[in-house]
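Please walk through the fold shown below, strand by strand and loop by loop. The paragraphs after it take up pairing, then local geometry, then confidence.

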Amino acid sequence: MQDNSRPLSARFGALSAAVLIAATGTFVASPATADTGDLSKPKAATADAGSTMNPGSGVGMLAVPPPPASPPAPYESIAPPELVGVIGNTVDTDSVIMGQAFPADTVELIVNGEKMVVGVSPTGEFHIIAPTFVPAGGRLHIIAEAVKGDVRSRLSSYDLVLRDAPLPAPSITSSSMAVGSLTQVSGTAMPGARVRVSIRVDGADDYRAPVEVMANMGGTWDLTLAEPLSYGTHIITAAQGGISGKADSAASSLNAYVRPAAPRIISPADGSWIAANQLPEAITGTAVPGATVELQVDADPTGMGETVALPLRTQADAAGNWSIPMSALIVGQHRIVAVQAVGLLPSDIALSAFHVTAAEVGPETPTLPVLPGTAGPDSGHKPVTVGNPGTGGVPVPVGNPGTGDGSLVLSGTLGTSSATDGVSATGTRTGGALAETGATDVGLLTGGGAALLVAGAAALIYGNRRRAVSDS
């Protein structure tokens, strides 16, 4: 028989606890169930931590706990690394073994007991290089694990047969494009291997005699050519050998292109400012003797612009000089792009950017006015004479101040209205009389004497003007 002797509050508390356990699986004690004392005595309402009180009701409201956080993804979420491209479970020595491990960042491996870590590409690929020598037993045991942050994959394991193969071909690391000449060839090989280098020069039927060089312990080699390679396309081959227990490698090859440097544009010079009426008659420059030079005026050097200009072509002479006639250009910015070619190999571009300004007009030469009847063989007038009173008006040479007391007389006919009309200008020289020859004293012409000559010429022009007015 159901016991109903407990107070209603106690029975209500037990019921609420049972419902909470059934709903959440968590038991939280309410004030009714937590108190084991005398239920007949009233108690003050209290609230547990994490609960709230309904104001005025005295009833505690239980807080619902937050849902648990999602557990971290297990390591099985990354697939274990997988080798690809292995045929018949057999690989050659020094071969590349490819694998896939997306989306891992790295792959940790143990290869025949040796640990290593390799990177993984964004697309999930990784690779390792098989050993050069076949180990005892001829097997290659690989254990691999993919890693992304703190997450790791399951381990994958491979047991491969390692087959002995010849040495791999050495690499040629020299650039395939050289400017001017090629003087050195470089590459990589097995440390201590002998590398045989052969070259077939452009246009030749056969290779030059092979040259042997030793790879250093870092696995690199360099060969300085006794005869540098000039313009053209040349074929370079390299093979390695000399490693005990290994057959010589096959040859690797490189096509080396040696092309000319950019031609030089001399005129118009880059950065120059030239008046439209002073442009040079020709565009000039230098190049490889005999090279074909091609240029464009106002062409876009990138080839991406809208400006289109017909190319102009010429050939450099035996001294390397070239010239192309210059066309008329409008005022503004202009550019010339030029290349040269030796055979089929073009050079880099040469660029000259210059500015054409408005035509320049030179200054006019000032002239003195010529009055009627004052000049010419038919004027009937004598020229102004710089005379010496001691010589009767005989002209004195320039630089000779004459003799006597240092006086200067300007005499001559200034018009046609009188037979004798002279103008006299006298200057006094201090310091004594002049020497007879006048060669020791030129102070007159270089000092005040020059001013007197100018004053005499001015008096002549002024007198002629007065007579011309009076005659009219």
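Arg-264 has Thr-286 of strand 22 opposite it. The two strands involved, strand 20 and strand 22 (residues 282-286), are antiparallel and share three bridges. Here strands are DSSP runs of E with at least two residues, numbered from the N terminus, and two strands pair if DSSP finds at least two bridges between them. This is a predicted model, in which local features need pLDDT of at least 70 and side-chain atom pairs count only at pLDDT 80 or more, while totals for chains, interfaces and linings use all residues. Residues are numbered from 1 along each chain as its sequence is written, and side-chain values use heavy atoms, with hydrogens and water left out.

Strand 22 also pairs with strand 25 (residues 321-325), again in the antiparallel sense, over five bridges. In that pairing Gly-285 faces Trp-322 of strand 25.

Another set of pairings is built around strand 9 (residues 139-148). Six bridges connect strand 6 to strand 9 in the antiparallel sense, and Glu-108 stands opposite Glu-145 there. Strand 9 has an antiparallel pairing of six bridges with strand 11 (residues 156-163) as well, where Leu-140 is set opposite Leu-160. Strand 10 (residues 151-152) runs antiparallel to strand 9 and is joined to strand 9 by two bridges, with Val-147 opposite Arg-152. Strand 9 and strand 10 make a hairpin with two residues between them, and Gly-149 in the turn has a positive phi of about 65°.

His-234 has Ala-256 in strand 19 as its bridge partner.

Where does Ala-193 lie? Ala-193 is in the loop between strand 14 (182-188) and strand 15 (194-200). Its relative accessibility is 0%, so Ala-193 counts as buried; buried means under 20% relative accessible area, exposed over 50%, and partly exposed in between, with a 1.4 Å probe and protein chains only. Leaving out residues up to four places away in sequence, Ala-193 touches Val-213, Met-214, Ala-215, Gln-240, Gly-241 and Ile-243, where a contact means heavy atoms within 4.5 Å. Ala-193 and Val-213 are separated by 20 residues in sequence and by 8.6 Å in space, C-alpha to C-alpha.

Ser-347, in the loop between strand 27 (345-346) and strand 28 (350-357), is also buried, with a relative accessible area of 8%. Among the residues that Ser-347 touches beyond four places in sequence are Arg-259, Pro-263 and Val-339.

Some backbone angles deserve a look. Most residues other than glycine have a negative phi, and most peptide bonds are trans. Asp-94, in the loop between strand 4 (90-92) and strand 5, has a positive phi near 65° and is buried at 16% relative accessible area. Asn-112 has a positive phi near 50°; Asn-112 sits in the loop between strand 6 and strand 7 (114-119) and is partly exposed at 39%. The peptide bond from Phe-102 to Pro-103 is cis, with omega near 5°, and Pro-103 falls in the loop between strand 5 (96-100) and strand 6 (106-111). A cis peptide bond also joins Ser-267 to Pro-268, with omega about 0°; Pro-268 belongs to the loop between strand 20 (264-267) and strand 21 (273-275).

Confidence comes last. The protein chain has an average pLDDT of 75, and 58% of the residues score at least 70; pLDDT is the predictor's confidence in each residue, from 0 to 100. Residues 4-62 have pLDDT below 50, and the model gives this stretch 39 contacts beyond near neighbours in sequence. Over residues 398-466 pLDDT stays under 50, with 86 contacts beyond four places in sequence.

Notes. Helix = DSSP H or I, 4+ residues; strand = E, 2+ residues; numbered from the N terminus.
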